[in-house]
Amino acid sequence: MRVLFLGTAAGGGLPQWNCGCPSCVRARHEDHTRTQDGLAVTGDGSAWWLLNTSPDIRTQLLRTPALTPPPGTRRTPVRGVLFTSAELDHTLGFAALREAESLTVHATAPVLDVTPSIALAGAYTTVSTQVVVPGKPFDLDGGLTVTAVSLGTKKPRYAATAPDSTDWVVGYRITGPGGTLLYAPCLPSWSEAFTEAGLGADVVILDGTFYREDEMVGRSARAMGHLPMVDSLPLLDGGATYIYTHLNNTNPAAWEGTPEHTTVTAAGALIAPEAGELSARLLG
Ligand code: MLT
Ligand code: MN
Ligand code: ZN
């Protein structure tokens, strides 16, 4: 099983195009950017699955050799997409894959119902939708078995009038040759369901949007559906390697050398490496 960090930032990325905060200025100055959150996973090295398709998906695909078509072909190694939410930073890029011969998308029913880029892509190519039912395992080509876990009820703002559901935000527990991974880039609280989904996982990739509750002016981390790192760090146990992703441009832990970054590494956790690969050693 291989896992690639396609993007590691929250909505807007780092730097955000219209932001001149110290972190965004530093990212521009040092050419140290983070694109918006997503992973690519494979069980056999040839059939790849995208977990979320951010607006940065084109950049992410073009810079990732494992995801490029073999020369002389139009064959993409990408077999399909899984969404953890219907938020724009996780789904907008799906429409940019419209050149595909066909696309398969796995997501919970409420997410499939509202995500605009599914219909957009569907006007250009054949899109097959697969309803994900939390707690019910399903297989993906290449030897992966996936179980979704319900994590949150927060609807995207563009779908504010859609029906309530416990399945708006999910995580995916993925088992493949060599290990088990839990991917939960948006985690509103450390629920029992989340604890259970992480049992026996080698690696847990979790919500690192905010370091502190009041980091953003005007809106608290929890009100936005994100457990701040100060509150998840004390809950990390020794059972898995924890890796924080979906880092907002306000989060000082995104930068090596900050006291917050030092606190994370001292707790035995990691900050997701942009465009990096998860070490096979951690999965084993
Ligand atoms: C989130 O992660 O809370 C959402 O992506 C917010 C947003 O960018 O609209
Ligand atoms: Mn987001
Ligand atoms: Zn900024």
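Where is the place of His246? His246 sits in the loop between E12 and H8, where helices (H or I, at least four residues) and strands (E, at least two) are DSSP runs numbered from the N terminus. The model is predicted, so that local features need pLDDT of at least 70 and side-chain atom pairs count only at pLDDT 80 or more, while totals for chains, interfaces and linings use all residues. Residues are numbered from 1 along each chain as its sequence is written, chains are lettered from A and ligands numbered from 1 in the order in which they are written, and side-chain values use heavy atoms, with hydrogens and water left out.

The strands were examined first. Seven strands form an open sheet in the order E7-E8-E9-E10-E11-E12-E13, with mixed pairing; two strands pair if DSSP finds at least two bridges between them. Strand E7 (138-140) and E13 are the edge strands, and each pairs on one side only. Strands of a sheet pair through backbone hydrogen bonds, either parallel or antiparallel. Strand E10 (residues 179-184) pairs with E11 in the parallel sense over four bridges, and Leu181 stands opposite Val203 in E11. Strand E11 (residues 203-207) is in turn joined to E12 by five bridges, and these two strands run parallel. Asp207 has Thr245 in E12 as its bridge partner.

On its other listed pairing, E12 is joined to strand E13 (residues 270-271) by two bridges, again with the strands running parallel. The bridge partner of Tyr244 in E13 is Ile271. From E12 the chain crosses through helix H8 (residues 259-266) to E13, and this β-α-β crossover is right-handed; that term applies if, with the strands pointing away from the viewer, the path from the first strand over the helix to the second runs clockwise.

Strand E12 (residues 241-245) is largely enclosed by the rest of the structure, because five of its five residues are buried. Buried means under 20% relative accessible area, exposed over 50%, and partly exposed in between (1.4 Å probe, protein chains only). Both faces of E12 are covered: Thr241, Ile243 and Thr245 are buried on one side, and Tyr242 and Tyr244 on the other.

The manganese ion (ligand 2) is coordinated by Asp89 (OD) and His246 (NE2), at 2.1 to 2.3 Å. Donors are N, O and S atoms within 2.8 Å of the metal (3.2 Å for Na, K and Ca), and sites may look incomplete, since water is not among the atoms. Asp89 lies in helix H3 (residues 88-91) and His246 in the loop between E12 and H8, so the pair ties together parts that are 157 residues apart in sequence. Asp89 and His246 are both buried, His246 with a relative accessibility of 3%. His246 also has a positive phi of about 55° although it is not a glycine.

Asp89 and His246 also belong to the surroundings of ligand 1, together with Glu87, Lys154, Cys186, Met224 and His226; a residue is near a molecule or strand if one of its heavy atoms lies within 4 Å of it. An oxygen atom of ligand 1 is 2.7 Å from an N or O atom in the side chain of His226. The corresponding distance from an oxygen atom of ligand 1 is 2.9 Å for the side chain of Lys154 and 3.3 Å for that of His246. Taken alone, ligand 1 exposes 270 Å², of which the protein buries 73%; accessible areas come from the Shrake-Rupley method with a 1.4 Å probe, and for residues only the protein chains shown count as cover.

A zinc ion (ligand 3) is coordinated by Cys19 (SG), Cys21 (SG) and Cys24 (SG), at 2.2 to 2.3 Å. Along the chain, the donors of this zinc ion follow the spacing C-x1-C-x2-C. Cys24 is buried, with a relative accessible area of 0%.

Some backbone features were also noted. Most residues other than glycine have a negative phi, and most peptide bonds are trans. The peptide bond from Leu14 to Pro15 is cis, with omega near -5°, and Pro15 is placed in the loop between strand E1 (2-7) and helix H1 (22-29). Ala275 has a positive phi, near 60°, and is found in the loop between E13 and helix H9 (280-283). Ala275 is partly exposed, with a relative accessible area of 48%.

Methods: A polar contact is a pair of N or O atoms within 3.5 Å; within protein, one must be able to donate a hydrogen and the other to accept it, and residues adjacent in sequence count only if both atoms are side-chain atoms.
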